Amino acid sequence: MLVIIDAHGVWFLGWLLNYCSYSAQTGSRMAELVSLAEGVAELVHDGDAVALEGFTHLIPVAAGQEIIRQGRRDLTLIRMTPDIVYDQLIGAGCAARLVFSWGGNPGVGSLHRFRDAVENAWPRPIEIEEHSHAGMANRYVAGASGLPFAVLRGYVGTDIAKHTKTIATITCPFTGEALTAVAALNPDVAVIHAQRADRRGNVQLWGITGVQKEAVLAASRSLVTVEELVDELEPQPGAVVLPGWVVTAVAHVPRGAHPSYAQGYYDRDNDYYQSWDPISRDRETFGRWLDEVTAA
Amino acid sequence: MSAWTADEMMTVTAARSLAGRASCFVGIGLPSTAANLARRTCSPDLALIYESGAIGAKPTTLPLSIGDGELGETADAVVSVPEIFNYWLQPGRVDVGFLGAAQVDRRGNINTTVIGDYRSPAVRLPGAGGAPEIAASCRETVVVVRHRPRTLVDRLEFVTSLGFGDGPGHRAALGLRGRGPIRLITDLGVLEPDPETCELTLTSIHPGVAVDAVRAATGWPLTVRADLRVTEEPTAAELTALRSLTTRSSTRGGGVA
């Protein structure tokens, strides 16, 4: 039989062979399959530095609400865009510190729980460490790369560096040029949501993939919630694959990114984003929302 | 009663400033509306770049966030967030950065961080996002805001993204490669930097707007250029394209920031 394989087919065969060989080599160290409650209980502890990532897409909202339900305290919350998911955690009093680069309700307006914490120290004071997106992204890259810092052209002439200790000027040893250094981010635990995982804990996500790969590789532990558990991962164009041996635990949580979207599964629930504004604007309304979540 | 609103005049004017440009790094909100209008009018081949990693996005509706699914699905390429900033923005290969602002000062510096003291602010704003490096690294930037005294202020309490800093030569002394804000477009007119002082001055006023009204809405003593123009009215084609864009977006169920 004659088999004609084009360039894509060759690539796919190569991927498959590599995939099979590392699966065989590392079968004993694959990610553990857990429930969401077990995953949060085992991996997220009081006082941890926790990064929930997902750049407008695949935001791990269900995991954030499980952290609230389990009553974690004194967390350092790390996230480029602390949108609704961190507004909820901050309002619930889980956070002592916030490391971030843009805090708003995308397409809607302010994050009122975040603002109440920063402006009025309610429900508790929150310390902030503030960066730009380029800086945060590079901090994750440094963390994932096993380096103490990253170098970029950034922050020059702005007031951000005056308030943030993890930004410094560095001289290029080759050209003498002044550049900006940002300290690596190495969270205790990274939490992300992905479209699929197989039963050995290999994780696959696609579409807008943000900084999730970097966050998982920078962190000491990781919890991945997924839309679907499958027997085999089919290759997807542009997908990020996180092999099961770099993931600590995988939990099957359909619609775990709601109200954000999961490409190929569901769209952004824009009504939720808009309805969040009046809920979070008022401490009492938020309190009722919180009671419902913790009772669930 | 004119046949268009002040916001439409602003968006159309902002879209026109993208004529002849190849690539635009797009902030969300007013800049995104204008950049998407430009693709439907004066600049059909314009590559829209969003910080979520979408390069060459061609959305049919206005995105609700900088990372909507449609941006990725219609893009020429989708890259990671570290890559969009490091490979695409940082080297200075993008023609125009299109930014909004909570406050902008007379030298085009932008504040999106706080009003009041940084540690105990009167108003905590969202923060930097991608703007500091967009303002630094794009070949030039265009800022789009509604013209209000609290928005166009004499001095900023916090500089989130640099315009011309303290004035002439400041950007070059800091080693910034991009030219900085070449235009501030509002719902009242167009302000451009004076070549000598880098101060934003009124170079074009929208039809039906009085110069005094612009002065009253500006937080510094506004210089009006001797050769002040009146902005060209929106054409029927521009208005049709803009309204079809905003109607399609609102019928999808989302408001647009």
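A residue is called buried here when its relative accessible area is under 20%, exposed when that area is over 50%, and partly exposed in between (1.4 Å probe, protein chains only). The model is predicted, with local features needing pLDDT of at least 70 and side-chain atom pairs counting only at pLDDT 80 or more, while totals for chains, interfaces and linings use all residues. Residues are numbered from 1 along each chain as its sequence is written, chains are lettered from A and ligands numbered from 1 in the order in which they are written, and side-chain values use heavy atoms, leaving out hydrogens and water.

Now to the salt bridges (a side-chain nitrogen of Lys or Arg within 4 Å of a carboxyl oxygen of Asp or Glu). Over all chains, the structure holds 28 of them. One joins Arg200(A) to Asp198(A), at 3.5 Å from N to O. Arg200(A) is partly exposed at 30% relative accessible area, whereas Asp198(A) is buried at 0%. In chain B, Asp187(B) pairs up with Arg148(B), their closest N and O atoms being 3.1 Å apart. Here Asp187(B) is buried, at 6%, and Arg148(B) is partly exposed, at 35%. Back in chain A, a network of salt bridges links Arg97(A), Glu127(A), Glu129(A) and Arg139(A).

What about helices (H or I, at least four residues) and strands (E, at least two), taken as DSSP runs and numbered from the N terminus? Strand β2 (residues 49-52) of chain A is covered on both faces, with Ala49(A) and Ala51(A) buried on one side and Val50(A) and Leu52(A) on the other. Helix α3 (residues 61-69) of chain A is mostly covered too, with eight of its nine residues buried. Just after α3(A), Gly71(A) has a positive phi of about 70°.
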